[in-house]
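Welcome! Take a moment to look it over before reading on.

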Amino acid sequence: MKFLKFLLVGIVFGIILVKSEAVSWYRIYEMFRFESFHMYGIIGTAIATGVILLLITKKFKFKNIEGGLMSVPDKEKGFTRYILGGTLFGLGWALSGACPGPMYILVGTGVFTILIAILAALFGTYVYGVLKDKLPH
């Protein structure tokens, strides 16, 4: 019961993504071919909303569930790691037709073949965890 509000927010978010066609393979295909603004509009709106909410969080000093002040930790400097990671993420997104969040939404809509992509993503995460210490950071 403690996490029911998070489940409800997740369900509402899933419904919004399905209704806005953000989980549609066709819309993702359009985006990667630069044929439509639809997905870029959704992503841009999400970024703008995130920035505004972060500014509000800082101004009003909101607290997290543990009672500490909410903050975003600074990222380590680097160029290659972000280009390489972003490229791998983008390739996976383009090949599977879904990024990680919508993959679970697609399972909820009955697209069970996406379970293959989810298993591949989990396997890739596991491999990264095993190789993390050997990779340049």
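The notes below go through the helices, the core, the surface and the charged pairs.

This is a predicted model, in which local features need pLDDT of at least 70, side-chain atom pairs count only at pLDDT 80 or more, and totals for chains, interfaces and linings use all residues. Residues are numbered from 1 along each chain as its sequence is written, and side-chain values use heavy atoms, with hydrogens and water left out.

**The nonpolar core**

- The largest nonpolar core has 15 residues. A nonpolar core is a set of buried Ala, Val, Leu, Ile, Met, Phe, Trp, Tyr and Cys residues joined through side-chain atoms within 4.5 Å.
- Met-39, Trp-93, Met-103 and Ile-114 have the most contacts inside this core.
- At least two residues of this core come from each of H2, helix H5 (100–108) and helix H6 (114–131). Helices (H or I, at least four residues) are DSSP runs, as are strands (E, at least two), and both are numbered from the N terminus.
- Apart from its neighbours within four places in sequence, Trp-93 is in contact with Ile-28, Met-31, Phe-32, Met-39, Ile-43, Ala-98 and Cys-99. Contact means heavy atoms within 4.5 Å.

**Regions from the record**

- An unreviewed UniProt entry lists residues 38–57, 78–98 and 104–131 as "transmembrane region". Positions are given in the numbering used here, feature names are shortened, and such annotations may be inferred rather than shown by experiment.
- Residues 38–57 are 100% helix and 0% strand, with end C-alpha atoms 29 Å apart.
- Residues 78–98 are 81% helix and 0% strand, and here the end C-alpha atoms are 27 Å apart.

- Met-1, Leu-4, Leu-7, Leu-8, Ile-11 and Ile-15 make a nonpolar surface patch of about 640 Å². Patches are made of residues with over 30% relative accessible area and no salt bridge, where like charges are joined within 9 Å and nonpolar side chains (Val, Leu, Ile, Met, Phe, Trp, Tyr) within 5 Å.
- Leu-7, one of the patch residues, sits in helix H1 (residues 4–19).
- Leu-7 counts as partly exposed because its relative accessible area is 49%. Buried means under 20%, exposed over 50%, and partly exposed in between (1.4 Å probe, protein chains only).

**Charged pairs**

- Side chains of opposite charge can pair when their charged atoms come close.
- There are four salt bridges, each a side-chain nitrogen of Lys or Arg within 4 Å of a carboxyl oxygen of Asp or Glu.
- Arg-81 pairs with Glu-76 at 3.1 Å, N to O; Arg-81 is partly exposed at 28%, whereas Glu-76 is exposed at 53%.
- Salt bridges that share partners also join Glu-21, Arg-27 and Glu-30 into one network.
- Glu-30 lies in helix H2 (residues 25–32) and is buried, with a relative accessible area of 9%.
- Arg-33 and Glu-35 form a salt bridge with their closest N and O atoms 2.9 Å apart.

**Two backbone angles to look at**

- Most residues other than glycine have a negative phi.
- Glu-21, in the loop between H1 and H2, has a positive phi of about 65 degrees although it is not a glycine.
- Phe-34 has a positive phi of about 55 degrees and belongs to the loop between H2 and helix H3 (38–60).
- Is Phe-34 buried or exposed? Phe-34 is exposed, because its relative accessibility is 67%.

Terms used. Areas by Shrake-Rupley, 256 points an atom, 1.4 Å probe, with all protein chains shown as cover.
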